[in-house]
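Trainee: I have a model open and would like to learn how to read it. Could you take me through it, feature by feature?

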Amino acid sequence: MPQKFIGLFAPRKRENGVDLKRYLLLRVTLFAFVIGLLAAALVLHQAREHIRVHIGRTGGTVARLIAGEAVQPRGTFRHGLEGLALASLEGIGPLLGICVTVEDIYKRPIVQRCFGEASSPPAVVRWTLGHLIGPEIHYRGAIGQYPGFKVGEFVVTPNLDSEALAVWQQIRTVLGMTVGILVLNLLIYLPVRRALQPTEQILAVLARMEAGDLFARMPRPSLIELRRIAAGFDHLTGRLQKTMAEQRHLAQRLLAVREEERRCLARELHDEFGQCLTSIGAEAAFITARARERQPELLPATQSIASVTAHMMESLQGILCQLRPVGLDAFGLRAGLEQLLGGWQRRLTGCSFELFIEGEIDDLPGDLTVSLYRIVQESLTNALRHAAPRKVTVRLRREAARCLLSVEDDGEKREPSTAGSGLGVLGMNERVAALGGRFAIEALSPQGMRVHAEFSAEAMCTQGNNDA
């Protein structure tokens with residue numbers, strides 16, 4: 001069987017699966033056609049065997065009838081088989097469905113007649129039956145006359161028109177059965193297709209869940225098996241949604257506690273160490289002034305104390321900036337980011353820092369404000385520490401339904417870090433996940449890296465934890 005024909009009836013796979021409706025339809029249809037062809041072939045085979053036996057049995061009867069007619073006188077001047085009309089077969093011939101040919105001793109046909117019901121079967125059936133029977137199925141006998149010499153022969157062959165009509169009637173029954181199977185196939189296909197129609201809706205719901213929408217719920221199909229599956233899936237989704245909400249709340253709480261600890265530590269360092277260092281610096285200045293007048297030999301020691309104190313004060317300012325951004329609470333996120341990038345710009349003159357802000361961002365919730373600032377801070381640190389960029393661009397855009405942040409650099413090409421590959425990236429990912437957002441890091445072509453964070457409208461409306 002040609003491969004093209006086989007491929008026509010092969011079940012079409014989609015996404016490594018099988019379309020059940022198409023699969024059933026093609027299989028049952030193919031089964032119906034195979035059954036029809038086999039049944040038609042069986043009918044033709046049985047007809048051939050029947051004709052072969054029938055001709056063998058009929059030959060003897062035809063021989064006796066022709067012999068009786070041949071010895072009867074048919075006129076004064078007619079001798080041998082001349083004038084033979086096969087009138088003796090007119091009574092039984094239509095029942096036998098045969099053709100009889102009479103030849104003289106020189107093989108010249110004398111008379112040829114076919115007996116049976118006049119019919120016009122389909123040409124293809126008559127041709128197929130004639131091809132199966134062939135010339136080998138016949139009965140040949142001799143015709144003798146008194147006093148015992150041979151005057152001719154007769155040949156009995158099947159009447160193809162009559163036999164083909166009988167075969168066609170049987171094949172029509174087979175075709176009727178085949179059509180019945182196809183109709184039954186259609187009657188099965190339609191309810192199956194109707195029952196499986198909700199699968200498209202189920203797939204759409206799965207796609208929404210895959211995109212992060214855990215509020216999507218399965219439809220309730222009429223098919224009880226699908227209904228149970230949908231109910232079970234919704235139950236699992238509800239539990240997952242509740243668990244993720246609890247985890248998100250816990251993560252938000254942990255981040256809030258961490259920020260509060262940083263704030264307390266920064267306050268203690270500022271109030272205690274800052275005051276002490278200021279006092280030491282003032283005392284060192286006083287001693288330096290007095291030593292310059294009375295004991296110049298103490299000047300190097302006092303100047304060293306003043307220098308160390310100034311260095312410690314500068315280091316303390318850096319630590320305080322890391323623990324709690326200066327001005328973030330008092331002046332808002334916009335001023336905090338401008339100060340952050342301005343500080344890097346002053347320290348690294350060979351790198352260009354750009355900040356683009358769209359929308360109002362100073363009224364964002366405190367936890368989102370701190371997370372945005374920390375993500376920008378960590379992204380800048382990673383880029384400047386590992387990639388030596390010449391340009392860093394920070395974009396922050398607030399829309400009605402989301403807040404987008406991206407930090408791009410043109411530094412050396414490097415593989416995107418995953419969530420667990422570094423504490424900095426892990427911290428950024430945790431901050432975004434705690435607020436229900438999405439975080440991604442991707443390599444740019446031909447070089448550079450982009451850090452992307454997206455927060456939903458729910459995160460922009462979250463209140464609390466600001467002062468926790």
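**Reading the model**

Mentor: Gladly, and let us begin with confidence. The protein has an average pLDDT (the predictor's confidence in each residue, from 0 to 100) of 82, and 90% of the residues score at least 70. This is a predicted model, in which local features need pLDDT of at least 70 and side-chain atom pairs count only at pLDDT 80 or more, while totals for chains, interfaces and linings use all residues. Residues are numbered from 1 along each chain as its sequence is written, and side-chain values use heavy atoms, leaving out hydrogens and water.

Trainee: How do I read a sheet, and what is the strand order here?

Mentor: Start from pairing: two strands pair if DSSP finds at least two bridges between them. Here five strands form an open sheet in the order β5-β6-β7-β9-β8, with mixed pairing. β5 (352-358) and β8 (438-443) each have a single partner strand, so one side of each lacks a neighbour in the sheet. β8 runs antiparallel to β9 (residues 449-456), joined to that strand by six bridges; A440 has H452 in β9 as its bridge partner.

Trainee: Which strands does helix α11 touch?

Mentor: Contact means heavy atoms within 4.5 Å. Axes are lines fitted to C-alpha atoms, for helices over the stretch in contact, with angles from 0 to 180 degrees between N-to-C directions. Helix α11 (residues 366-386) packs on the sheet and touches β5, β6, β7 (402-409) and β9, its direction making about 15 degrees with that of β7. Helix α10 (residues 333-347) lies across β5 and β6 (391-398), at about 170 degrees to β5.

Trainee: How many aromatic pairs does the structure hold?

Mentor: A pair of aromatic rings is described by the distance of the centres and the angle of the planes. Rings of Phe, Tyr and Trp (its six-membered ring) pair if their centres lie within 6.5 Å; planes under 30 degrees apart count as stacked, over 60 as edge-to-face and the rest as tilted. The structure holds one such pair. The ring centres of Y139 and F154 are 6.1 Å apart and their planes lie at 35 degrees, so the pair is tilted.

Notes:
Helix = DSSP H or I, 4+ residues; strand = E, 2+ residues; numbered from the N terminus.
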